[in-house]
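The stops below each begin with something to select.

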Amino acid sequence: MGIEALLTLPVLVFEGAAEVRLADGGRRCAGRVEVKHQDQWGTVCDDSWDMSDAAVVCRQLGCGGALKAHGNAHFGPGSGSIWMDEVNCHGTESALSDCTHRGWGQTDCNHGEDAGVTCSEYTGFRLVNGSTACEGRVEVEVMGSWGTLCASRWDLSDAHVLCRHLGCGFAESIPGGGHFGRGTGPVWRDSFHCDGTEAHLGQCPVTALGALPCSQENAAAVICSARPMPLRLVGGGSRCDGRVEVFQHGTWGRVLDEQWDMQEASVVCRQLQCGEAEAAYTPVRAERGRGPVGLRGVRCAGHEADLSLCNTSVPESTPASGVMEDVGVVCRGSRRVRLVDGAGRCAGRVEIYYQGRWGTVCDDAWDLADAAVVCHQLGCGGAVEAAGSARFGEGSGQIWLDGVNCSGAEAALWDCPAEAWGQHDCRHKEDAGVICSEFMALRLENSDGCSGRLQVFYNGTWGSVCSNSMTTETVSLVCKELGCGNEGELETDSNYAKLSGTTWLDRVECGKSNSSFWQCPSAPWHPQSCDDRREETNITCNDREKIRTVGGKDSCSGRVEIWHRGAWGTLCDNAWDMRDAEVACRQLGCGPAVYALGQAAAGEGTGPMWLMECRGTELSLQDCWAQPGDSGACQHKADAAVHCSDPPRGRPTTSSERLSVPVVICIILGALLCLLLALLAGQVRSARARRRGSRRAGEPFPEAVYEEIAYSLAWEKQARFSLSDVPVLPRGDPADGYDDAGEVSDPGEDPVPGQGDWEVPRTPEEGDGRPDAVTGGSLHSQRSAGVPGADGRASSPFLGTTGYDDVEEVSLACSHKDTEDGTLESRAQEFQRPRPAEPSPAEQLGAAGREESSVPLGEP
């Protein structure tokens, strides 16, 4: 490559600080990144866009740390120029324009690839009134205003994150009772819910809704270890497990040993104040370090307080024998518990982090006392329900505990009597779950889910929200939280009437700094916050339901993406066919579908994935059967795509214009082939009839003649629709056990009375039903199914389990698809995934179903 070619490479560094702003994010510190150049605002392409780039934008805007770097026009496509592409920041720059990029206006992107950022509204943290900079009362800066943090939910996990962020090691204690004196200014009632692994408090989940008033005497405080520990564990799931590294001469170095055992591990755990050592191990090759070596050949007696007090060799020394390898430690302090797949941190499947791996808990003997320990351990209040039968979906990997028998007073779940770790006779369809009193959900109680009475789920009950002091920002955040658009209208009843039922909240006052409804300040939780119907909140959102294509040659071809709950997601190509593509093209306004493509033909997307099946007559994909894609079967390498015909605008399109020449030729050849096959089939039947006739003449009991029945892949999809008129019923208690089904009933048969736990209350008129199932449903109709209370019966925000009963394998034969041999095998594989079992009422709950079961786009 010559010097002239080098000079034309499109990676340049530009001086100066171009103005930056965030648009369409609903607040100043979130939105689409826009840069001002030559007095014109333009966007930034998401190629190579990452957290380092986002951090620079947040710092330039004074918006604290970066929480997320978005791509694929997460906040909607911009307009005008795309000023920057291939941005590459180190993360320390003072302005985005100081980072390298291809050059102003040099891009191959479209506005469907606009970059975005979500920053924390917490712009600073500090400790005051302590004897050193590493101890004191916790103060937080929110959009330029410093205030004291309330200690109502402050714990050691939160304190560890703050100490590490401030360069003060780890938290030694969290004194209370105004230990570091009274503060001045506001008292923030925000509660941080850290798990200890976050880089700063701004990355932790935060709630403020319904918090009790707090005084300066109840300020959060911490005493940190005052200096960074010269020892750390990296690559694990917490600060108390992972590969061992030591800090020497201004850099972190690896520790190598050939005889690493529990004695050395005990010293490491003691020095880090992580409890007893549970394991000493050698990391697998993929987890080994690559940096400089700090120590070799460590020999400890086990009682030392510091690893430096053990006998060690200098890094350059050569071992006499053995192979030196990286070493790792698992301390008791690494144990953690979490709730997964429950649409919130206080509800879901119970999982425990033990020995460096996450695993589940079996539901044998699982009850409210066990659930109460989990809820208390997570700071989620009391237990509302102890769920079993994989209510929140099946986990994977190890099942750590079985036969748990807590009294309810234990500090942690692993302190309860139970079988030995990993000893069980369960399967993942018996995974235990929990719903805690602090679990919160949101809904608009109406058939469409995007308008109606505003209600919150708290302490196991749905209750209304009063409209006193409600701001436009509150209405906007409600609509965004529900995936119903960015704006809405507040409506109230002008006629007086006494309210009945629970009214949980009043004076919800969201501001521009709040990024979530749950972070908004309000009056404390109270079951009778108001009693006048005129104070009840009713909201109508603008209900944006979006579809787009990405990665194609135009807006009518490419990867199909749908907008749900504030994020773009893709469709899994399992069962994706021309009927689905027809609906997508119709919704896009792009004429009939030409191709239905799979295997990420238009590139791999990001975000959530959806399984979807349509009849082909729906007006939009939101009317089709859908469920969240399983992470095992649906990955982004299986993203679905579409190619629409995109007829010319301005005049009617005739049927002949809709069919290209190749399509017409295929139709003619297909018709001729079908005719030939019909003639051959007729001859075969005639020959068989003659043979049967000859046998009957000489045999009193002729043998039965069996013929193989061809099984159509399309028929399986039709079978799903034949049962689609069964409505989704409210869920009761989870089923107690499992029956492995050995037979699969004919989907065309009517349910036999008395053969199940429920009966069909009505039969809709033909064409009224949609292919809704327990684990999948119409994205519009399930929005109403996900709004319990619309029929007055539902009481919980979760749908039923997505687990499957064991069924016998059914082989598929597709003799009628002879002309599609090239695609038959892959289509068969797509349709051999397990189908959901029919539900009982105990397997369903009303309202805002968890995201892992099927939910309508736009539902919480």
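Among contacts between residues at least 6 apart in sequence, what percentage join residues at least 24 apart? The figure for this chain is 74%, where contact means heavy atoms within 4.5 Å.

The model is predicted, so local features need pLDDT of at least 70 and side-chain atom pairs count only at pLDDT 80 or more, while totals for chains, interfaces and linings use all residues. Residues are numbered from 1 along each chain as its sequence is written, and side-chain values use heavy atoms, with hydrogens and water left out.

**Whole chain**

Colour by secondary structure: the chain has 12 helices and 42 strands. These are DSSP runs numbered from the N terminus, helices being H or I of at least four residues and strands E of at least two. Of the 860 residues, 47% are buried; buried means under 20% relative accessible area, exposed over 50%, and partly exposed in between, with a 1.4 Å probe and protein chains only. The accessible surface is about 40100 Å², and carbon and sulfur atoms account for 50% of that area. Areas come from the Shrake-Rupley method with a 1.4 Å probe, and for residues only the protein chains shown count as cover.

**Arginine 126 and glutamate 139**

The structure holds 31 salt bridges, each a side-chain nitrogen of Lys or Arg within 4 Å of a carboxyl oxygen of Asp or Glu. Select arginine 126 and glutamate 139, whose side chains form one of them at 2.8 Å, N to O. Arginine 126 belongs to strand β7 (residues 122-128) and glutamate 139 to strand β8 (residues 135-142), 13 residues apart. Arginine 126 counts as partly exposed because its relative accessibility is 34%, whereas glutamate 139, at 7%, is buried.

**Serine 225**

Next, select serine 225, in the loop between β14 (221-224) and β15 (231-235). Is this residue buried or exposed? Serine 225 counts as buried because its relative accessibility is 15%. A polar atom of the serine 225 side chain lies 3.3 Å from the backbone oxygen of cysteine 168. Such a polar contact is a pair of N or O atoms within 3.5 Å; within protein, one must be able to donate a hydrogen and the other to accept it, and residues adjacent in sequence count only if both atoms are side-chain atoms. Leaving aside neighbours within four places in sequence, serine 225 is in contact with Cys168, Gly169, Phe170 and Glu172.

**The nonpolar cores**

Select Val350, Ile352, Val361, Trp366, Leu413 and Val434. These touch the most other members of the largest nonpolar core, which has 32 residues. A nonpolar core is a set of buried Ala, Val, Leu, Ile, Met, Phe, Trp, Tyr and Cys residues joined through side-chain atoms within 4.5 Å. Two or more core residues come from each of β23 (336-340), β24 (347-354), α5 (368-377), β27 (398-401) and β28 (433-436). Centre on valine 361: beyond four places in sequence, its contacts include Val350, Ile352, Trp366, Ile399 and Leu401, and also Glu430 and Asp431. A second, separate core has 26 residues, among them Val465, Cys479, Cys484 and Val508.

Show the side chains of Arg443, Glu445, Arg453, Arg533 and Glu536, which are linked in a network of salt bridges. Within it, arginine 443 and glutamate 445 meet at 3.8 Å, N to O, and both are buried. Then select arginine 534 and aspartate 532, a salt bridge with closest N and O atoms 2.9 Å apart. Arginine 534 is partly exposed at 40%, and aspartate 532 is buried at 10%.

Select isoleucine 547, in strand β35 (residues 547-551), which is buried at 16% relative accessible area. Isoleucine 547 and leucine 588 are 41 residues apart in sequence, with C-alpha atoms 7.1 Å apart.

Now show helix α7 (residues 578-588), where the buried residues are Asp580, Ala581, Val583, Ala584, Cys585 and Leu588. At its start, a side-chain oxygen of aspartate 577 comes within 3.1 Å of the backbone nitrogen of arginine 579. Just after α7, glycine 589 has a positive phi of about 70 degrees.

**A surface patch**

Finish with Ile665, Ile668, Leu669 and Leu672, a nonpolar surface patch with about 400 Å² of accessible area together. Patches are made of residues with over 30% relative accessible area and no salt bridge, with like charges joined within 9 Å and nonpolar side chains (Val, Leu, Ile, Met, Phe, Trp, Tyr) within 5 Å. Isoleucine 668 is in helix α9 (residues 661-698).
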